[in-house]
Amino acid sequence: MDESRRDRDEEGRARNARPRDGLGRPLPYGTPGVERQPEGVVRSPGETVREAQRLLDAGMPFHAHEVFEDAWKSGPDAERELWRGLAQMAVGLTHAARGNTAGGARLLRRGAAAVEAFRASGPHGIAVDGLIVWATELAGRVEHAAQGGAGGGPEGSGPVDAAAEAPRLQGGDQPGK
């Protein structure tokens, strides 16, 4: 590949400039895409949760993952696993919505395990217990659907609907309950 033709950001780092769809998949150049989340934004925990919830509700879990990733990189070390686990759950939902059931289930479970230590404290009003139940249940459902059982998308197989499956970060009923 000719390195001089690679997409680069303002600092000269390689950065793919192709437009993306709502699940973060690259689209052909010139195709209208979904605006990307800015990187490196420092938000308060409340702002992080609100922005991530907005994106999850809009069926954009890949973008919510980027919001959580910013929090994990800029927040206190004591909360690093919380934000990383939430990012993994969002990416797990992304993969499940893209039809990658194995990867989706694996990341949903990995995210649930990462936030387990925060289950009792519920930092920043985050419904950690409910999110663990949601992630574990969705992981099982997408795996079951991939094996030919019912419970994946609306017809029982294939990708899940990211907006319909969006978890509630701060309590309330989880999807499918």
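This is a predicted model: local features need pLDDT of at least 70, side-chain atom pairs count only at pLDDT 80 or more; totals for chains, interfaces and linings use all residues.
**Notebook: the helix packing**

I started with the crossing of α3 and α4, which is left-handed. The term means that the near helix is turned anticlockwise from the far one by less than a right angle; clockwise would be right-handed. Residues are numbered from 1 along each chain as its sequence is written, and side-chain values use heavy atoms, with hydrogens and water left out.

**α3 with α4**

I looked up the geometry: the axes of α3 and α4 are 7 Å apart and the angle is about 160 degrees. That makes the two helices roughly antiparallel. Here angles under 35 degrees count as roughly parallel, over 145 as roughly antiparallel, 65 to 115 as roughly perpendicular and the rest as oblique. The axes are lines fitted to C-alpha atoms, for helices over the stretch in contact, and angles run from 0 to 180 degrees between N-to-C directions.

Then I listed who takes part, with contact meaning heavy atoms within 4.5 Å. On the α3 side I noted, among them, Leu82, Gly85, Met89, Gly92 and Ala96, and on the α4 side residues including Gly103, Gly104, Leu107, Leu108 and Gly111. By class, I get 11 nonpolar, 7 polar and 3 charged residues in this contact. Ala, Val, Leu, Ile, Met, Phe, Trp, Tyr, Cys and Pro count as nonpolar, Asp, Glu, Lys and Arg as charged, and the others, Gly among them, as polar.

**The whole chain**

I stepped back for the overview. The protein has 5 helices and 0 strands, and from the N terminus the elements run α-α-α-α-α. Helices (H or I, at least four residues) and strands (E, at least two) are DSSP runs, numbered from the N terminus. Of the 177 residues, 45% are buried. Buried means under 20% relative accessible area, exposed over 50%, and partly exposed in between, with a 1.4 Å probe and protein chains only. I also noted that, of the contacts with a separation of 6 or more, 55% are between residues 24 or more positions apart.

How many of the 19 residues of α3 are buried? I found 14, so α3 is largely enclosed by the rest of the structure. After α3 comes glycine 99, with a positive phi near 95 degrees.

α4 has 15 residues, and its 21 Å between end C-alpha atoms agrees with the 21 Å it should span. Its buried residues include Thr101, Ala105, Leu108, Ala112 and Val115, and what covers the buried residues of α4 includes α3 and α5.

α2 covers residues 61–74 and reaches 20 Å, close to the 20 Å expected. Among its buried residues I noted Pro61, Ala64, His65, Phe68 and Ala71. The buried residues of α2 pack against α1 (45–57) and α3 (80–98).

**α2 with α3**

The axes of α2 and α3 come within 8 Å and cross at roughly 165 degrees. That makes this pair roughly antiparallel too, and the crossing is left-handed. The contact involves, among others, Phe68, Trp72 and Lys73 of α2 with Arg80, Trp83, Ala87 and Val91 of α3. I count this contact as 12 nonpolar, 2 polar and 5 charged residues.

Which residues does arginine 80 touch, leaving aside its neighbours within four places in sequence? They are Trp72 and Lys73. Arginine 80 is in α3 and counts as partly exposed, at 35% relative accessibility. Its C-alpha is 9.9 Å from that of phenylalanine 68, which is 12 residues away in sequence.

**The loop between α4 and α5**

I ended with two loop residues. Phenylalanine 118 sits between α4 (101–115) and α5 (128–146) and is buried at 12% relative accessible area. Not counting residues up to four places away, phenylalanine 118 touches Ala78, Glu79, Glu81, Leu82, Pro123 and Val128. The C-alpha atoms of phenylalanine 118 and valine 128 are separated by 6.6 Å, at 10 residues apart along the chain.

Histidine 124 lies in that loop as well. Is histidine 124 buried, partly exposed or exposed? I get partly exposed, at 34%. Its phi is positive, near 60 degrees, in a residue other than glycine.

How values were computed: The expected span of a helix is 1.5 Å times one less than its number of residues.
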